[in-house]
Amino acid sequence: MIKILDCTLRDGGYYTNWDFNKTLVNQYVQACNYLPIDYIEVGYRSPIKKDYFGKYFYLPLFELESLKSQTNKKLVVILNEKDVRVEHLEVLLTPILGLIDMVRIAIDPDNLHRAIALATEIKKYGFEIGFNVMYMSKWKNNTGFIEALDGVNDVADYFYMVDSYGGVFPTDIIDLIDLVKSKTSCKLGFHGHNNLELALVNTLTAIQHGVEIVDATIFGMGRGAGNLKTELLLTVLNSKYNIEVDFNALESAVSAIAPLLEKYEWGTNLPYMISGANSLPQKDVMDWVSTRYYSLNSIVRALDNKKKRQDDNEKYPIANFESTNEVLIVGGGPSVSEHLDGLLAFLLKKPEMVIIHASSKNAAYFKDLPNQQYFCLVGNEGRRLENTLENLSCFNGICVLPPYPRTMGTYVPPSVRSKTFELDEVNFTELFKDAHTALALQTALNIEAKNVYMVGYDGYNSDTLTKREVDLNHENDYLFNKARKSFITFSSLTSTCYNVQSNSNLFYLLS
């Protein structure tokens, strides 16, 4: 009988930063009690990192005790091999003895020898051991990995083949099962991603060819395009193999996770399909899809560049700026329209003030002003510029692009190409160099502005921020902190949630 491991909490954490509502978790875990699920993977155990991660990334003892008290299923944690060494094991594993049944290890195939040594020590604690070996679509060409496979026999209870890119086909599954079986004698598992919507057929193929344990998640919740849906797998197994399924319990598990699907909207799309088909990492795609204003064409172009290992191939002249004392950076927030009369009156008294549009969303409000205006174009921002200004035939601004080479293909409207330039470098920050705000701040620095004002950088202020909103808040605050020391005045003319002084009285007094 095939064993099923549900890893919704662990893999779904890539969207929630491993924070989950306790009521949601309880409903999901209790529903699993009535389903033919053998293992529940509840998260990571990890050495402390400097960035924020939720409790299901660390799984403190009180949380594991609570989970254990609610379920009759075997509980699993995973260790990321790249972060864990033998000296970490006593602190990570001793407290969870009696609470956790299996420890899985996420493994880069190039580090298999190191993982075997780590697993040998973990085995001494009495846990079942699972090897989650990534990047299976690239195994055939990794001779060092293949030669090391026989070393897993004495330590791995399950050797998982992980389709990290979501790009393998059923024939690949068969070939790789045969390859691993020729080198090992341990039980095999399969973890499929759904970039090409092949997770179900690949999992069924794996089952038919001798894999003994498979992974799935509710709604397929997982990194990037996500995984095989637990509810789909159980429905098919019920129909095909007469495995008994309590569909009321399954509905309860599904309804527990449904609010997260509505909030984070994971699942495959064209960029994930392309990354899967070409064995390209999902991490960048996940960021591009969920955080940036990038078009599908921009993402496809970036993926094609990665595939060909080439830089973006479109260069523009380096921008040269005339110095000025005062700059207004315009974001996309609604405070611009709310304070428009005051802002326009303020700017009419300051025709020498340069306007830098970090976002083109509010550009139409300023189109008739005499001020010199710069427009920061990243990814598909040029499309937004077209939509906002409608008629670019009389465009008298200057478009600014990130430095060459650009990871992301950048769309430039044909009618403004002659007025488009790129920065030679972004040198005030090491992070987020291709962000709209970074481009705007670097432009202000290159203009040698002494006083920088912002408008439309409202920020997000809510008890229910999405990860995207949290990330953008963090990103902008980081960039503001990096740049502010270069200016005499750095303030917002409208209310802001960012760590920036608000000075709305300034433009109302002058307007």
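Analyst: Start with Glu 390, which lies in the loop between α17 and β12. Helices (H or I, at least four residues) and strands (E, at least two) are DSSP runs, numbered from the N terminus. This is a predicted model, where local features need pLDDT of at least 70, side-chain atom pairs count only at pLDDT 80 or more, and totals for chains, interfaces and linings use all residues. Residues are numbered from 1 along each chain as its sequence is written, and side-chain values use heavy atoms, with hydrogens and water left out.

User: Is Glu 390 buried or exposed?

Analyst: Buried means under 20% relative accessible area, exposed over 50%, and partly exposed in between (1.4 Å probe, protein chains only). Glu 390 has 71% relative accessibility, so the residue counts as exposed.

User: What is the phi of Glu 390?

Analyst: Most residues other than glycine have a negative phi. Glu 390 is not a glycine, yet its phi is positive. The value is about 65 degrees.

User: Which residues of helix α17 are buried?

Analyst: Helix α17 covers residues 381-389, and Glu 390 follows it. The buried residues are Glu 381, Gly 382, Leu 385, Thr 388 and Leu 389.

User: What do the buried residues of α17 pack against?

Analyst: Contact means heavy atoms within 4.5 Å. By that rule, the partners are β11 (373-376), β12 (398-401) and α18 (436-446).

User: Where is Asn 371, and is it buried or exposed?

Analyst: Asn 371 lies in the loop between β10 (354-357) and β11. It touches several residues, including Leu 347, Pro 351 and Ile 355, not counting residues up to four places away in sequence. Its relative accessibility is 5%, so Asn 371 counts as buried.

User: Where is Asn 242, and is it buried or exposed?

Analyst: Asn 242 is in the loop between α10 (230-241) and α11 (247-264). Its phi is positive, near 60 degrees, and it is not a glycine. At 68% relative accessibility, Asn 242 counts as exposed.

User: Which peptide bond joins Tyr 404 and Pro 405?

Analyst: Most peptide bonds are trans. Pro 405 lies in the loop between β12 and β13 (420-422). Omega between Tyr 404 and Pro 405 is about 0 degrees, and the bond is cis.

User: How do α8 and α9 pack, and what is the angle?

Analyst: Axes are lines fitted to C-alpha atoms, for helices over the stretch in contact, and angles run from 0 to 180 degrees between N-to-C directions. Helix α8 (residues 170-183) and helix α9 (residues 199-208) have axes 9 Å apart. Their angle is about 35 degrees.

User: How many residues of the contact of α8 with α9 are nonpolar?

Analyst: Ala, Val, Leu, Ile, Met, Phe, Trp, Tyr, Cys and Pro count as nonpolar, Asp, Glu, Lys and Arg as charged, and the others, Gly among them, as polar. Pro 170, Ile 173, Ile 174 and Ile 177 of α8 meet Val 201, Asn 202, Thr 205 and Ala 206 of α9. The contact has two polar residues and no charged ones. The nonpolar residues number six.

User: What part of the protein is buried?

Analyst: The protein has 20 helices and 16 strands. Of its 511 residues, the share that counts as buried is 56%.
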